[in-house]
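Work through the exercises below with the sequence and the model side by side. Each task is followed by a solution in steps.

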Amino acid sequence: MTQPTPTITVSDAHGRMTSTDQPAPLLVDVREASEFGVLRVPGAALLPLSTFTSRFEELPHDRPLLLLCAVGGRSARATDFLVANGYPDAHNIAGGITGWNAAGLPIRTGPVEDGEGELG
């Protein structure tokens, strides 16, 4: 039987990212670079789903991972893949960047700056 995808709300994800009580999670955006360039969460790392399975091992094992896409479908697949491949503290952000933006949480628009979106 398949386990349900570990999922977190946008507000809980934001709370975990701003909390000082626990290890800071890494927010991983699995959308494509063109989507990231339009609207993104400050501090998010970009690892597009199109290259995810060949690059996922670049992700850290020593901190929680929160995965984000447009509405939650692609990031759910990426979360399931990570959990199956030895990343037990990975969570899909329900609602994706669409829900994040609708909740009034911090976003960036406009040209991607040097270094923005890089994993490390």
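**Exercise 1. Describe the fold of the chain and its overall dimensions.**

Step 1. The chain has five helices and seven strands, where helices (H or I, at least four residues) and strands (E, at least two) are DSSP runs numbered from the N terminus. Along the sequence they follow the pattern β-α-β-α-β-β-α-β-α-β-α-β.

Step 2. The radius of gyration is 13 Å, close to the 14 Å that the globule rule gives for 120 residues, so the chain is as compact as a globular protein of that length. The radius is taken over C-alpha atoms, and the rule is 2.2 Å times the number of residues to the power 0.38. Along the principal axes, the C-alpha atoms fill a box of roughly 40 × 30 × 25 Å.

Step 3. This is a predicted model, in which local features need pLDDT of at least 70 and side-chain atom pairs count only at pLDDT 80 or more, while totals for chains, interfaces and linings use all residues. Residues are numbered from 1 along each chain as its sequence is written, and side-chain values use heavy atoms, with hydrogens and water left out.

Step 4. Of the 120 residues, 38% are buried (under 20% relative accessible area; exposed is over 50%, partly exposed in between; 1.4 Å probe, protein chains only).

**Exercise 2. Give the strand order of the open sheet and find its edges.**

Step 1. Five strands form the sheet in the order β1-β6-β5-β2-β4, with parallel pairing. Two strands pair if DSSP finds at least two bridges between them.

Step 2. β1 and β4 each have a single partner strand, so they stand at the edges and one side of each is left without a neighbour in the sheet.

Step 3. Go through the pairs. β5 and β6 share three bridges, with Asn92 in β6 as the bridge partner of Leu67. β2 and β5 share four bridges, and Leu65 in β5 is the partner of Leu26. Two bridges join β2 to β4 (residues 45-46), where Leu46 stands opposite Asp29.

**Exercise 3. Which face of helix α1 is buried, and what does it pack against?**

Step 1. In α1 (residues 10-18), Val10, Ala13 and Arg16 are buried.

Step 2. Down the axis of α1, these residues fall within an arc of 125 degrees, so they line one face of the helix. The arc is that of the directions from the helix axis to the C-beta atoms.

Step 3. The buried residues of α1 pack against β1, β5, β6 and α5.

Methods. Contact = heavy atoms within 4.5 Å.
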